[in-house]
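Please keep the structure in view while reading.

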Amino acid sequence: MTAQQAISSAPAHDRAAAQATKGLSFRPTLGNIGAVFVVGLWLFPVYWIALTSLKPIVEINNAVPIFIFTPTLENYRELFTKFDFARVLMNSLVIAFVSCFVVIVLAVLAAYALARMKVPGEKHIALWILSLRFLPPIAVAIPFYIQWQDLNLLDTYAGLIIIYVAFNLPFAIWMMRGFLADVPVALEEAALLDGLTRLQIIRRIVVPVVMPGIASTAIFTFVFTWNEYLMALMLTAFKSVTVPVTIAKFVQPYTILWGQLSAAVVIQVVPMLIVVFLLQRHIVRGMTLGAVK
Amino acid sequence: MTLRLQNVQKAYPSGFMAVKGVDLDVEDGEFFTLLGPSGCGKTTTLRMIAGLEAPTAGKIFIGGNDFTDTHPRDRDVAMVFQSYALYPHMTVRENLGLNLEIKHVASAEIVARIQNIARMLDIGALLDKKPGELSGGQRQRVALGRALIRRPNIFLMDEPLSNLDLKLRERTRTELKKLHETLKVTTIYVTHDQAEALVLSNRIGIMDSGDLIQVGTPQEIYDRPKSVFVARFVGTPSINLVNVVVQNLNGRLAIRLTGDEKPLDSVLLPASEEVFRKLGQSGLELILGVRPEAIGVLTGLHPDAAPAEIDLVEPMGSVNNIVLRFTNGVGSTADGEPLIGVVTSNESHERGQKVWIRVRPERLVLFDKATGHTVTVLSKERWEEL
């Protein structure tokens, strides 16, 4: 008998009580109220930006903050007509997805080698790889500009993708190394005995099992790449400008284009939400439950 | 398929020798168990047979061919892991069929074999479930199915029953035995559970600290252990080890408990010339190994027998384990442990009760005090060499 059936077959007054306590109950304790307050505080800017993006310019610049108004899509329209935002968005999407994909493929293979194959000095290599992440990007921004200029990689997709892969790979390898170490070796040994080649094992056994780790690494890499400002600023100009750089352009010498800026920010957040929402399905607890006792 | 291990060794870079030169011949269709305590090298040996680890010395022959350097993929050896190692993201059906799919077996054949295995192991209802949805016993059967479906030359099992509760373990043990009787695949089984080894095996190989100490049928291992270690490892409750002094009394072996002047009259039995010669070498202070079922616990008055006091009575259902200590300065155990005797539970005994111990001439063994090796074994009322 399921809980549903149990509830509906019980006498009437019991049924009401059961319905009332089904699900989470919110009791107005001090802690709960405090939590709601803090969450509200943090969520407010997000709400305000979304609100602002829908406001006509007159009401944005009003001295007193306005919460009730007639929403308009004027700001969004201006983004796409005056600021070529469609292309900017496309640039960001392509660069982020390609970087993410390349990073994942390379990181999984590299981390697998580190985690499984008896590489001498493996721990030292792993730590050295991680240390690459400690480098502040700004220290190498100008050298990269000079090199990229010579290589004709300025203002191209490839130019930025190479940079992002280079900067994200160390941490991705470090993360995947940890996730792969959690995959029971016995699974691969069983696969070896079943006749699979090493590549088949990686493709058909290891990757599906470590998918939560891959999803986490992918989310991390995507978010970093999507939001990256400094290198994008340095290495792009017109053709492959990304969203963060464009948003900064709305802060102009004499005025700040709040309406368009808010609209751009809202649009920037949406792909991240989608990616995280899609990938979080794969971060299912206990993926390896049932494989090994 | 026969299996031969020739001086197989496994040394680690640190210098530690997990396996110290094992020689083994397993016959076709035989169920051979490697039995020993944790860390004795039995799992390492099994993994070398599978090819998951490479021996640092020695050779492995399967069916007469040298497979020492062959990849595990090409050995046609199937293994059931202690942790089952089922692929968690695949259904039971896919788990079972993966190997056949990789080897490009026709799909009709794969379906047929899966049906067959499902029937044999009663897992038909589970075929479309994932390992995470199964119980321990069900997973164990799927792991077995995955190995069986390949019809391998050699079947390897690494403590497959250790994760199951007792009742399930006993049932699965019986099923495994029946399965082996039906299929007659050469099987190498690794366990530290001596009961499993005794029940399942055609022959047992006892290992300790990397050495293969004794190989024999379960009955041989039980009746004629080569050393104290083997005698103590097999048999439950453990064998009793009693300090004794022996003497040649007109061609018979007289055995005296410490502190006693006269020899045990229940065990005054002939011995061969070779035995006496060996005794001459190893000296006269020995250790007598007496199985608990060979200890007679007598109430009433038996001044000829050795006096003892009951420390504890352990009821076991149909029998009681009686834990005893020698008293009155007569008799001592080799390791200071109490004696254990087994009586039927129809008799009743109490803690603190004063009783008399008689040693029955069944399966007695005399061990060298210094080395722990067996000097002579009692067989059919006569002391013999091993």
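## Overall build of chain B

The model is predicted. Chain B contains nine helices and 22 strands. Along the principal axes, its C-alpha atoms fill a box of roughly 80 × 45 × 40 Å.

Chain B has 386 residues, of which 41% count as buried. Among the contacts in chain B with a separation of 6 or more, 66% are made by residues 24 or more positions apart.

## An open sheet of seven strands

One sheet of chain B is open and is formed by seven strands in the order β13-β12-β11-β14-β20-β21-β22, with antiparallel pairing. Strands β13 (269–270) and β22 (383–384) of chain B stand at the edges; each has a single partner strand, so one side of each is left without a neighbour in the sheet.

Within this order, strand β20 (residues 365–368) and strand β21 (residues 374–378) of chain B pair in the antiparallel sense over three bridges. Phe367(B) stands opposite Thr374(B), which belongs to β21(B).

## Strand β16 and its two partners

Strand β16 (residues 306–315) of chain B pairs with two strands named here. With strand β17 (residues 319–326) of chain B, β16(B) pairs in the antiparallel sense over seven bridges. One bridge partner in β17(B) is Phe326(B), which faces Ala308(B). The hairpin of β16(B) and β17(B) has three residues between the strands, and Gly317(B) takes a positive phi near 100° there.

With strand β19 (residues 354–359) of chain B, strand β16(B) also pairs in the antiparallel sense, over four bridges. Lys354(B) in β19(B) is the bridge partner of Glu309(B).

## A helix with a buried and an exposed side

Helix α3 (residues 107–121) of chain B has 15 residues. From its first C-alpha to its last it reaches 21 Å, close to the 21 Å expected at 1.5 Å a residue. Just after α3(B), Asp122(B) takes a positive phi of about 55°.

Which residues of α3(B) are buried? They are Ile114(B), Ile117(B), Ala118(B) and Leu121(B). These residues cover an arc of only 100° around the axis, which puts them on the same side of α3(B). An α-helix has 3.6 residues a turn, so residues three or four places apart point the same way. What covers the buried residues of α3(B) includes α2 and α4 (136–148) of chain B. On the other side of α3(B), the residues Ala108(B), Glu109(B), Ala112(B), Gln115(B) and Arg119(B) are exposed.

Two loop residues of chain B deserve attention for their phi angles. Tyr84(B) has a positive phi of about 70° although it is not a glycine. Its place is the loop between β6 (77–80) and α2 (92–102) of chain B. Is Tyr84(B) buried or exposed? Tyr84(B) has 26 other C-beta atoms within 10 Å, and a residue with 20 or more counts as buried, so Tyr84(B) is buried.

Lys380(B) is not a glycine either, yet has a positive phi of about 50°. This residue is found in the loop between β21 and β22 of chain B. Lys380(B) has 7 C-beta neighbours inside 10 Å; the limit for an exposed residue is 12 or fewer, and therefore Lys380(B) counts as exposed. Another position concerns the peptide bond itself: Thr236(B) and Pro237(B) are joined by a cis peptide bond, with omega about 0°. Pro237(B) is found in the loop between α8 (228–233) and β11 (240–249) of chain B.

## Contacts between chains and domains

The contact between the two chains takes 25 residues from chain B and 21 residues from chain A. On the side of chain B that touches chain A, β6 and α2 of chain B are the elements that give two or more residues. The residues of that side divide into 16 nonpolar, six polar and three charged.

Chain A is assigned domain 1 (3–78) and domain 2 (81–280). Taken over C-alpha atoms, the centres of these domains of chain A are separated by 33 Å. Their contact takes eleven residues from domain 1 and nine residues from domain 2 of chain A. On the side of domain 1 of chain A that touches domain 2, α3 (30–53), α4 (57–60) and α5 (74–82) of chain A each supply at least two residues. By class, that side has five nonpolar, three polar and three charged residues.

Conventions:
Residues are numbered from 1 along each chain as its sequence is written. Chains are lettered from A and ligands numbered from 1 in the order in which they are written. This is a predicted model: local features need pLDDT of at least 70, side-chain atom pairs count only at pLDDT 80 or more; totals for chains, interfaces and linings use all residues. Two strands pair if DSSP finds at least two bridges between them. Domain bounds come from an automatic or database domain assignment. Two residues are in contact if their C-beta atoms, placed from the backbone, lie within 7 Å. Ala, Val, Leu, Ile, Met, Phe, Trp, Tyr, Cys and Pro count as nonpolar, Asp, Glu, Lys and Arg as charged, and the others, Gly among them, as polar. The expected span of a helix is 1.5 Å times one less than its number of residues. The arc is that of the directions from the helix axis to the C-beta atoms.
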